[in-house]
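This briefing is meant to be read alongside the sequence and the 3D view. Please keep both open while going through the points that follow.

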Amino acid sequence: MPASPTGTPWVVLKFGGTSVSQRHRWDTIGRLASKRAAGDDVRVLVVVSALSGVTNELTAIAAGAGDSAARVDALVARHREFAVQLGLDPDRVLAERLDALRELARDPRAAAQALDWQAEVLAQGELLSSTLGVAYLAAQGLDIGWLDARDWLDAIELPNQSAWSRRLSVSCRREADDAWRARLAAQPTRLLLTQGFIARHGDGGTAVLGRGGSDTSAALFGGLLHARCVEIWTDVPGMFTANPREVPDARLLTRLDYAEAQEIATTGAKVLHPRSLGPCRVSGVPMAILDTERPDLPGTRIDGDASPVPGVKAISRRNGIVLVSMETVGMWQSVGFMADIFERFRRHGLSVDLIGTAETNVTVSLDPSENLVSTDVLARLSEDLAQICRVKVIAPCAAITLVGRGMRSLLHRLSDVWATFGQERVHLISQSSNDLNLTFVIDEADADGLLPELHAELIGSGAMPVADGDVFGPSWREIQHGRPQRAPAWWQGARERLLGLAAVGTPAYAYHLPTVRERACALLAVAAVDRRFYAIKANPHPAILRTLAEEGFGLECVSQGELEHVFASVPGIDPARVLFTPSFAPRAEYEAAFAHGVTVTLDNLEALSRWPDIFRGRDLWLRVDLGRGDGHHAKVVTGGAASKFGLALASVDAFADAARALDARITGIHAHLGSGIGQPRHWREVYAELAAIADGIGTVDTIDIGGGLTIPYKPEDAPFDVVAWAEGLAEIKAAWPRYRLAIEPGRYLVAEAGVLLARVTQVVEKLGVRRVGLDAGMNALMRPALYDAWHGIHNLSRHDAPADMACDVVGPICESSDVFGTGRRLPAATAEGDVVLLADAGAYGFAMANTYNLRELPREEVLE
Ligand code: LLP
């Protein structure tokens with residue numbers, strides 16, 4: 001192949017240790033390199049790491065490990081074996097390199113572990129892998145050349161660098177002249193392969209780049225060549241919104257700018273070394289992180305022109321953080337106090353990461369991985385600091401960082417985050433001056449389980465203004481297991497009927513009774529459950545009440561209005577199947593409930609003592625607060641100190657005594673700790689705690705574990721795992737078999753059965769934001785305005801057109817919270833008069849609708 005002209009653009013591909021350690025992966029490398037070179041007129045430079053594990057072995061040898069000879073032998077054997085696996089003759093391909101490795105082990109410089117010798121030892125891994133790789137690819141018919149990276153990357157010396165870092169953690173020159181570029185362009189093959197991690201030292205010897213070296217090499221080549229792109233091929237799909245091992249719902253970040261990527265890499269993500277961004281950033285070369293095993297995934301693209309929309313894009317956690325808190329009254333307005341204390345940190349070689357200050361206290365964090373904190377250093381530092389202030393070392397702590405652009409303009413969106421941290425002891429809050437991160441330092445033990453919660457609140461909820469599809473790719477869970485397989489929603493097959501209903505008038509709710517029956521059957525199949533009540537507040541439509549009553553469900557009411565409605569809608573229903581669970585209801589409602597003969601639940605001692613006549617001699621259920629709550633949003637959490645519901649555990653004995661004094665019997669014990677809970681184990685834990693309380697009371701026969709089962713509102717949400725839920729209940733019930741188990745779900749039974757139909761009123765573009773207005777607003781469906789809840793939004797009139805226009809979907813109410821969704825996708829042709837469907841609106845939809853702005857209530861229709 002003729003040499004390409006100097007001006008031919010380059011693409012740099014980098015492959016890490018795991019990507020070069022298996023034959024089939026080298027086939028992928030060959031395929032990817034050829035594909036890149038085949039397209040337009042592009043040349044490809046492949047940068048490779050050492051085989052996985054090899055650099056660790058070489059590091060041990062360079063450090064003078066006692067068994068160096070055996071380690072060298074093992075390395076020789078490993079590379080020879082791999083050559084054979086690649087179908088190569090090890091003697092012909094590797095002899096020279098392996099001799100060099102053995103020679104180094106015998107080198108006189110080894111005894112003193114001279115730095116230049118160490119660098120040469122460390123460089124062998126990449127020299128070996130690249131030699132094998134080029135031989136293999138050439139044998140497969142690729143026209144590919146081998147370069148010694150040391151002929152192209154020059155180490156430079158920086159001020160204040162130690163001799164060690166000048167050799168073993170070098171920085172390289174970031175500018176190249178035309179002669180350099182022409183020399184590379186003059187290489188005879190269009191594909192070239194070279195080593196990561198190694199460079200030429202100023203004295204002509206070898207130098208290495210240190211941690212993250214291969215990524216940095218690729219970025220350096222990319223920068224020097226003004227490459228079209230630097231692709232980092234690795235064994236994960238890219239950067240995620242959180243560590244997927246801790247948060248399986250973490251989303252792939254498909255688009256970041258350099259500063260955001262740098263911040264994410266610095267605060268936790270291991271995918272890309274933070275050092276490697278610099279060279280591409282200064283020359284404006286885009287980077288991409290891609291998965292060698294799954295090359296079709298979008299990966300993470302990093303460049304300078306990602307959208308500047310503010311938003312939290314990632315949540316990271318660093319463990320092992322050490323805090324030093326320094327207290328003194330003397331520091332107030334005293335000049336030079338900070339200088340004094342920082343001087344002492346400097347003296348002990350410790351660099352400070354985060355800082356919080358108060359009038360009499362300064363607290364700083366040290367990052368152990370950077371500061372090599374040993375207990376000894378800390379003790380000496382403390383001693384030293386004790387001369388000027390009171391010192392307290394707080395460790396181990398965890399730093400939880402929210403990363404994203406424009407953090408300051410987002411504070412109002414972080415209310416859930418403040419609420420979550422409000423339950424922890426926060427030692428330090430720090431906001432970076434580049435407005436890219438907000439960090440909370442808490443005890444390491446408190447951090448467990450926090451990330452999934454924060455992730456759900458910030459990123460899972462779609463609360464951020466960033467346009468979802470452009471930034472957040474598929475979730476880790478989806479990538480591992482594929483999208484949760486879900487049957488198409490009922491309304492997808494009922495489009496014509498729904499358009500017919502909409503023609504009569506909008507807004508209108510439509511309820512699909514077969515779906516209600518289907519959900520009821522799923523719960524009827526759970527054998528551990530003895531009594532099932534439907535929480536009618538979710539949707540009290542008479543047809544739904546009758547349907548569920550026919551299926552065997554009892555009905556749970558929270559007001560006299562609901563009670564009267566139940567008896568009117570389901571004539572002849574046995575009052576024993578009706579439950580009354582009010583909150584702060586007036587006295588008369590309890591009287592009415594007893595008059596109806598229904599089961600009454602009480603959740604406070606005051607009612608019992610103030611209205612003894614109402615409860616005397618009665619059977620009662622007691623609702624308790626187990627001291628914690630859960631739910632899809634802070635506003636639907638119904639347990640814990642901040643919640644008005646339930647009797648505190650500390651008052652249970654007093655309640656039981658008071659009931660006994662009135663000759664009232666506590667026959668049921670109940671807890672409902674929140675709504676929209678996805679973790680099946682929640683209810684088994686509730687059962688276990690309630691059973692222990694019931695054992696103590698002695699008269700209880702029924703344990704009611706409440707409702708709260710969630711449904712999958714978003715396409716990527718997994719459906720509620722009824723099987724796991726049933727298994728957990730069966731297990732726990734086997735431990736306490738003498739109680740009857742009752743449940744009282746609302747949402748699960750009806751949410752998916754209902755849709756809200758609305759008509760487009762106007763499509764308006766303002767300052768770059770397109771808004772689709774509907775004749776239904778937050779008065780018709782309050783959930784998005786109240787809880788930032790997510791409902792699928794579909795244009796029924798243009799069902800088959802691709803949803804290719806990003807827009808906000810809004811209502812006609814005079815409130816800025818009248819927004820059903822932001823950054824949603826609808827067909828570009830969406831226009832006045834189209835019928836839009838809001839999905840999964842069967843629960844807490846019409847039930848919470850109102851006539852605000854004197855807009856009429858939606859109509860309701862029932863489909864059989
Ligand atoms: N039991 C009691 C005592 C309740 O307070 C509730 C709901 C339920 C059962 C039924 O919970 P479910 O299974 O539907 O989650 N408007 C909010 C939900 C408020 C739930 C109030 N209590 C929403 O739209 O998400």
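In this predicted model, the side chain of Asp 148 makes a polar contact, at 2.9 Å, with the side chain of Arg 150.

- Asp 148 is placed in the loop that runs between β3 and β4, the latter comprising residues 155-156.
- Asp 148 counts as buried because its relative accessibility is 14%, and the cut-off for that class is under 20%.
- When neighbours within four places in sequence are set aside, the residues in contact with Asp 148 are Thr 194, Gln 195 and Ile 198.

**The sheet**

- Eight strands form an open sheet with mixed pairing, in the order β3-β6-β2-β1-β9-β12-β13-β11.
- The edges of this sheet are β3 (144-146) and β11 (255-257), each of which pairs on one side only, and the twist from one strand to the next averages 20 degrees.
- Strand β3 runs parallel to β6 (residues 191-195), to which three bridges join it; Gly 145 has Leu 192 in β6 as its bridge partner.

**Helices on the sheet**

- Helix α5, made up of residues 115-139, lies across β2 (43-48), β3 and β6, and its direction is at about 160 degrees to that of β3.
- Helix α9 (residues 258-266) also packs on the sheet, where it touches β11 and β13 (300-303), and its direction makes about 95 degrees with that of β11.

**Lys 537**

- An unreviewed UniProt entry annotates Lys 537 as "modified residue: N6-(pyridoxal phosphate)lysine".
- In the model, Lys 537 is found in the loop between β22 (531-535) and α21 (542-550).
- Lys 537 counts as partly exposed because its relative accessibility is 30%, and that class lies between the 20% and 50% limits.
- Apart from neighbours within four places in sequence, Lys 537 is in contact with Glu 556, Val 558, Glu 562, Tyr 844 and Ala 847.

**The ligand**

- Of the 20 residues around the ligand, those that come nearest are His 632, Ser 675, Glu 744, Arg 783 and Tyr 844.
- A polar side-chain atom of Arg 783 lies 2.6 Å from an oxygen atom of the ligand, while for Gly 708 a backbone N or O atom lies 2.7 Å from an oxygen atom of the ligand.
- For His 672, a polar side-chain atom lies 3.5 Å from a nitrogen atom of the ligand.

Technical notes
Residues numbered from 1 in each chain as written. Predicted model: local features only at pLDDT ≥ 70, side-chain atom pairs only at ≥ 80, totals over all residues. Heavy atoms only, no water. Pairing = 2+ DSSP bridges. Helix = DSSP H or I, 4+ residues; strand = E, 2+ residues; numbered from the N terminus. Axes fitted to C-alpha atoms, helices over the stretch in contact; angles between N-to-C directions. Contact = heavy atoms within 4.5 Å. Buried < 20%, exposed > 50% of the residue type's maximum accessible area, 1.4 Å probe, protein only. Polar contact = N/O pair within 3.5 Å; in protein donor to acceptor, adjacent residues only side chain to side chain. UniProt positions renumbered as here; feature names shortened; annotations may be inferred. Near = heavy atom within 4 Å.
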